Every structure is written in C-alpha cells, then in structure tokens.
Amino acid sequence: MDLWFNECHTKTVKLSIKVTKQLFSAESGIQRIDVFESEEFGRFLTLDGFMMLSERDEFIYHDMIVHVPMAAALPHLSDKGTGSVLVIGAGDGGAIRELCRYSCITKIDMVEIDEIVVKACKEFLPGTACCFDDPRLSIYYQDGLKFVRSRENAYDIIIVDSTDPQGPGEGLFKKEFYGNCFNALTENGIMVNQHESPFYHKDAAAMQRAHKRIVESFPISKVYQAHIPTYPSGHWLFGFASKKIHPTNDLQDERWNALGIKSRYYNTNLHRGAFALPTYVEELLRGVEGWDLRVES
C-alpha cells in the first residue's frame, strides 16, 4: 500500500510526497511531531502536519536565515572580537550548525519550546542536528516570547526560526515580541525571521501583518527571498530588521568571502540579489509600509 504525506497549501492545492517509511511519531503535548523518509527528499520533519524541513532542501533555508545577517554583521563582529546570538526555535539544529562555522560567535542561546523536537532530530536528522554539543551553545526549553522579555542589550543577532503564525509559533509574530527583540539587541543588532510566502492569499496576509509590526519596531526593515521547493509555492521570504546596519549598503563582500565558508546556496552576489524583489511582492509590502520599497533609505 502506498503511503503519502499530504500538506494542504490552500483548499485546492496540496504538496504530496510518497513516503517510503515513517521513522518517528509523537504527541508532545505542544504539537505532533513526525519524521518520514522519502525517495526524492530524503528524511523530512513535520510539525502538526506542516513541512518543517527535508534533507534535500534544508540547506537553502538555513543558509539564508544565518549567512545573510552574519555577512552584514561581520565587520562589526570581527572588530569587536566576540558575538552573541539568540536563536528562537530551530529545534532541528540547522541554524545552529551554520552559526557554529563562525569563530567570531562566542555565545549562542537557543530557545526551543519543545524538547522532543530536538531529541527526534538528533536521532533521525543528524545532518542538521549535528552541533548541539558545541560548547558555545546553551539550550533553554521554554517559550521564546517570555524568554526575550527579560533580556536587554544582550545579543548582536536574533534569529527567529519559528513555525507558521499559528499554534506554538503564534506569539512570535506579534508586535510585543518584535519590540522585545529590539530591546534585547545591542546598538548594532540585527534580527532576522522567516517571513512566510507572498504567493497564496492567506500566507501573504500573514506576511503583511508580520512586516507591518516589524516596520513599526525597527528603523531599518527589509525583506529578502529564496526558493525552497518543499515550502508553500516554493517562494519564501525572510525579514531583515536592524537598528543601524543596512543589509546591502553595509555588506563587505570580501570580508565574508575571506572566511572560506563553503555554502551550497548562499554567496555574496546572491545576498545582494535576494533583496531585489518581484513587483507583486513590492506591492504587498508597500501596502503596509506606506512608502516605495524600491527607493533606498
């Protein structure tokens, strides 16, 4: 009997992947966690029936959520000699893996609400969950919304690697949360977040709500994109928000390239190009920003 994983993207569109084996399934009390194996995408993790990552394309997401802010912040962090990062979510370990490639990062705090996600990924997705033993990493199993409230001027970068804006991840899309992130950042701090897809109407509306709240909280707020095949529509956005650093104007390509980091998706040419958005996305963003995105601030 054929076994298929199906994720509905709209009422009339769904992603369907043929499963060769189900490796793990559990109800954590917070969410349902499943790990499947497939011929095309390798092993993949779902939470409450929604695709979180697959072995085949996870490198795209993790490259873009980590290397974009790191490359922009690198001149400041290198001169400073130390760097502290807060990662909210990221129980699969992919963002931690990429951060651990930077010697200028001396402290990583990870806040994950569900310990079972981490345990499942360590066992079944060791390619992403491979750096949880790094001595720079401290893991806190609690609500990221509450954790960030008590921090001030503590982090150079905050990476919000959240689920979609419902269930456990809902609070991470609210204005209060973004305001608390602003307070938790140092004077040159950067926050990045997964920003949903602009393609389907429901996803686009969630993206607009999040972007409006970030624009209200940060003086610099930009959006960049990547193509991730297993995510709804394949067209995915990320948010870049900061107190002072502009993601392209302040990028010093040669400093990041000198590190010799071999990435599969990210490069500094792509970094610049990722902020050049399609017209329909610009229009969606202008609808909540109130100014022309194509005019640089």
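Start with the cavity search: across the whole structure, one cavity of 30 Å³ or more turns up. A cavity here is a set of points on a 1 Å grid over the protein atoms alone where a 1.4 Å probe fits but cannot get out. The largest cavity holds about 30 Å³ of space, the volume being the space filled by probe spheres set on the points. This is a predicted model, where local features need pLDDT of at least 70, side-chain atom pairs count only at pLDDT 80 or more, and totals for chains, interfaces and linings use all residues. Residues are numbered from 1 along each chain as its sequence is written, and side-chain values use heavy atoms, with hydrogens and water left out.

Select Met52, Leu53, Ser54, Asp57, Glu58, Tyr61, His62, Ile228, Thr230 and Tyr231 to see the lining of the largest cavity (an atom within 4 Å of a point). Strand 5 (50-54) and helix 1 (58-80) each give two or more residues to that lining.

Next, pick helix 5 (residues 175-184) and helix 6 (residues 201-217), whose axes come within 9 Å and cross at roughly 35°; axes are lines fitted to C-alpha atoms over the stretch in contact. Show Lys175, Tyr178, Gly179 and Phe182 of helix 5 against Ala210, Arg213, Ile214, Glu216 and Ser217 of helix 6 for the contact (heavy atoms within 4.5 Å).

Last stop: aromatic rings, with 15 pairs in the count (ring centres within 6.5 Å). Zoom in on Tyr224 and Phe238, stacked at 5.2 Å centre to centre with 15° between the planes; stacked means planes under 30 degrees apart. Tyr224 sits in strand 11 (residues 220-227) and Phe238 in strand 12 (residues 235-242), so the pair ties together parts 14 residues apart in sequence.

Conventions
On a 1 Å grid over the protein atoms alone, a cavity is a set of points where a 1.4 Å probe fits but cannot get out, and a pocket is an open set with protein on both sides within 12 Å along at least five of seven lines; lining residues have an atom within 4 Å of a point. Helices (H or I, at least four residues) and strands (E, at least two) are DSSP runs, numbered from the N terminus. Axes are lines fitted to C-alpha atoms, for helices over the stretch in contact, and angles run from 0 to 180 degrees between N-to-C directions. Rings of Phe, Tyr and Trp (its six-membered ring) pair if their centres lie within 6.5 Å; planes under 30 degrees apart count as stacked, over 60 as edge-to-face and the rest as tilted.
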